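Take a moment with the sequence and the model. Then follow the paragraphs below, one stop at a time.

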Amino acid sequence: VDDASTDGTEELFQNMQDPRVKYLRYEQNRGACYARNYGAERASGEYIAFQDSDDTWHPEKLKKQLAHLKATGADLCFCGMNRIAHDGSRFYYPVHEPHEGRILEDFLAENRAGTQTMLMYRRVWERLRFDESFRRYQDWDFAIRAAESFRLAYLPEALADSEVGGDSISFAVKSYPALVHLYTKHAALYEKYPRSDAVMNRRMGKRLHASDPASAAKHYGKSFRLCHKWYDLAYYLGDTVR
């Protein structure tokens, strides 16, 4: 799916000879969620997987995931991946593996499945679709809803590579509204799982710690009330008196 690119992508497919490849393009940029939904609507297979332009699948990814999906009887399989920084350093993702029996709670606390790590039955996407109001964390939102309604299976092997940028202050400030959007959408679930609620408020506090300590203190205060960690109290007191 070509999301109205201007980098010459269209020319690359003008002489495509592989009948397995279907090139789809529209002329107004609509964002990643729209592109994924657009492509999935026009797919005809029983299984759906998503791949972004700046990521790389390992050759055995789909084969291994399909086998794991069938072996576990799950509706969606997600695998690990390598997150690669500009300096070449890498780390395995997800940092924290999900726990059997509490996968929804785990996903509320932290995203563990990038879009490029998912393989699912078509019925999963048909029921959930990607929420096009999200410009960031759309995979996290999708994973939360999938964990709430379907059975998920984790394959603990890095089968994809993904490049990541630096975690700068400007990134933190820009990501905060997206976190609020996610948190607000799933407010009822966060209220049901206070441990995840505390982690999420701590994360939002970290995003605002450098730029807006007064607002950050509110998040740290709520996190402390929910889980009583001294870490949260220390940041709450520090941001309150700044």
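In which loop is P94 found? The answer is the loop between β6 (90–93) and α4 (103–109). The model is a predicted one. In it, a cis peptide bond joins Y93 and P94. The omega angle there is about 10 degrees. Most peptide bonds, by contrast, are trans.

Now step back to the whole chain. It contains 11 helices and eight strands. Its radius of gyration is 20 Å, close to the 18 Å from the globule rule for 242 residues, so the chain is as compact as a globular protein of that length. Along the principal axes, the C-alpha atoms fill a box of roughly 65 × 40 × 35 Å. Of the 242 residues, 46% count as buried.

Contacts tell a further part of the story. Take those between residues at least 6 apart in sequence: 68% of them join residues at least 24 apart. The accessible surface comes to about 13,200 Å². Carbon and sulfur atoms account for 52% of that surface. As for charge, the chain has 35 positive and 35 negative side chains. The centres of the two sets lie 5 Å apart.

Next, the cysteines. A disulfide is a covalent bond between the sulfur atoms of two cysteines. This structure holds zero disulfides. C33 is in none, and the nearest cysteine sulfur, that of C79, is 19 Å away. C33 is buried because its relative accessible area, 2%, is under 20%. C227 is partly exposed, at 25%.

Move on to A35. This residue sits in helix α2 (residues 32–41). A35 is buried, with a relative accessible area of 12%. Leaving aside residues up to four places away in sequence, A35 touches V1 and Y26. P194 is 159 residues from A35 along the chain. The C-alpha atoms of A35 and P194 are separated by 34 Å.

Last come two backbone angles. Most residues other than glycine have a negative phi. A4 has a positive phi, near 55 degrees. A4 lies in the loop between β1 (2–3) and α1 (9–12). H228 also has a positive phi, near 55 degrees. H228 belongs to the loop between α10 (213–227) and α11 (230–241).

Are A4 and H228 buried or exposed? A4 counts as buried, at 15% relative accessibility. H228 is exposed, with a relative accessible area of 55%.

Methods
Residues are numbered from 1 along each chain as its sequence is written. This is a predicted model: local features need pLDDT of at least 70, side-chain atom pairs count only at pLDDT 80 or more; totals for chains, interfaces and linings use all residues. Side-chain values use heavy atoms; hydrogens and water are left out. Helices (H or I, at least four residues) and strands (E, at least two) are DSSP runs, numbered from the N terminus. The radius of gyration is taken over C-alpha atoms; the globule rule is 2.2 Å times the number of residues to the power 0.38. Buried means under 20% relative accessible area, exposed over 50%, partly exposed in between (1.4 Å probe, protein chains only). Contact means heavy atoms within 4.5 Å. Accessible areas come from the Shrake-Rupley method with a 1.4 Å probe; for residues, only the protein chains shown count as cover. Lys and Arg count as positive and Asp and Glu as negative; His and the chain ends are not counted. The place of a charge is taken as NZ of Lys, CZ of Arg, CG of Asp or CD of Glu. A disulfide is a pair of cysteine sulfur atoms within 2.5 Å.
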